Amino acid sequence: MTLQNPPVNSLSLDFLTEFCSALEKLEMDKSCRGVILTSGQPKVFSAGLDIMEMYGKSPERCGEFWRAVQEMWLKLYSSNMVIIAAINGSSPAGGCLMSMTCDYRIMADNPRYSIGLNETQLGIVAPFWFKETMVNTVGHRTTEIALQLGQLYSPTEALDIGLVDKLVPEDQIIATATQTMTKWLAVPDHARQITKSMMRKPTIDKLMSKREPDIQNFVSFITKDPIQKSLGLYLSMLKKRKS
Ligand SMILES: CC/C=C\C/C=C\C/C=C\CC/C=C/CC(=O)SCCNC(=O)CCNC(=O)[C@H](O)C(C)(C)COP(=O)(O)OP(=O)(O)OC[C@H]1O[C@@H](n2cnc3c(N)ncnc32)[C@H](O)[C@@H]1OP(=O)(O)O
């Protein structure tokens, strides 16, 4: 699957809805046992959640958006397929979350790229299921530091902490992902799927049992004046950086 939402594959409501529907089709297709997730945009895997969906929007719209974010996470994290992230660009925040739901992460070895959960840098807080996905990936202590600082890691640093599994030159990323997929698909599906579910079920069940309160929590948090102000400042910083 190639992410195509120019310019930076930000995860808008429309994009998330289309992504989930495409993933569901593959999930139901018994001939499809694995997916390589990559970006069709230069330099960026995904810029994370579309900040415009969280800025100046009505509570109803924010709720609809958050349900779509939850759905994307649930579909990816509980997929029966082998999902390999071929991270061919920067992957902050929601982009990092998306990568962490995959079974294996291969990143392009380019020091200009970065990956991590940088929410605190925007004045917002990574929800518990973002946090738990990271704990399940890199462990508790590393997550504690990463989340409080809103740390973005270079590919080499990300490899060091186990946030990605392999670095390769960018032009070899799909070939490496394909070789890796062959290895993963050599394992009998039922045994691998049950094992994957055993590892991830507690985190998935936790969100499933708290979906509505999590939406309420998001809406009440994101629509607060100081949070809106922080997002506004962050957006203008992003625009200014360009000029
Ligand atoms: C008590 C409380 C308890 C619990 C909390 C409850 C609820 C939780 C609440 C909130 C949680 C919400 C979680 C959010 C997670 C996220 O994903 S937030 C998004 C974070 N993303 C970022 O910080 C990335 C920002 N972007 C960049 O760093 C760069 O753009 C990037 C490195 C990706 C690419 O750089 P470059 O190629 O140079 O591109 P530009 O920077 O020039 O960008 C091009 C245009 O795209 C716009 N843009 C970039 N990122 C986003 C984005 N995420 N959303 C919307 N738009 C984006 C950028 O402004 C440029 O626009 P322009 O062309 O200037 O119009």
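1. A word on handedness first, as I use it below: a crossing is left-handed if the near helix is turned anticlockwise from the far one by less than a right angle, and right-handed if clockwise. By that convention, α2 and α9 make a right-handed crossing. Helices (H or I, at least four residues) and strands (E, at least two) are DSSP runs, numbered from the N terminus.

2. Please keep in mind that this is a predicted model: local features need pLDDT of at least 70, side-chain atom pairs count only at pLDDT 80 or more, and totals for chains, interfaces and linings use all residues. Residue numbers start from 1 along each chain as its sequence is written.

3. Overall, the protein has 10 helices and seven strands. Its radius of gyration (taken over C-alpha atoms) is 17 Å, close to the 18 Å from the globule rule (2.2 Å times the number of residues to the power 0.38) for 243 residues, so the protein is as compact as a globular protein of that length. Along the principal axes, the C-alpha atoms fill a box of roughly 50 × 40 × 35 Å.

4. Back to the helix pair. Helix α2 (residues 59-77) packs against helix α9 (residues 211-222) at an angle of about 130°, with the axes 9 Å apart. Here axes are lines fitted to C-alpha atoms, for helices over the stretch in contact, and angles run from 0 to 180 degrees between N-to-C directions. The two helices are therefore oblique to each other, a class left over once angles under 35 degrees (roughly parallel), over 145 (roughly antiparallel) and 65 to 115 (roughly perpendicular) are set aside.

5. What surrounds the ligand? The shell holds 28 residues, of which Ala47, Gly48, Leu49, Ala93 and Gly94 come nearest; a residue is near if its C-beta atom, placed from the backbone, lies within 6 Å. By class, the shell has 17 nonpolar, six polar and five charged residues (Ala, Val, Leu, Ile, Met, Phe, Trp, Tyr, Cys and Pro count as nonpolar, Asp, Glu, Lys and Arg as charged, and the others, Gly among them, as polar). Helix α9 gives the most to this shell, with four residues.

6. Two backbone details deserve a look. The peptide bond from Pro6 to Pro7 is cis, with omega near 5°, and Pro7 sits in the loop between β1 (2-3) and α1 (13-28). Lys43, although not a glycine, has a positive phi of about 75°; Lys43 lies in the loop between β2 (34-39) and α2.
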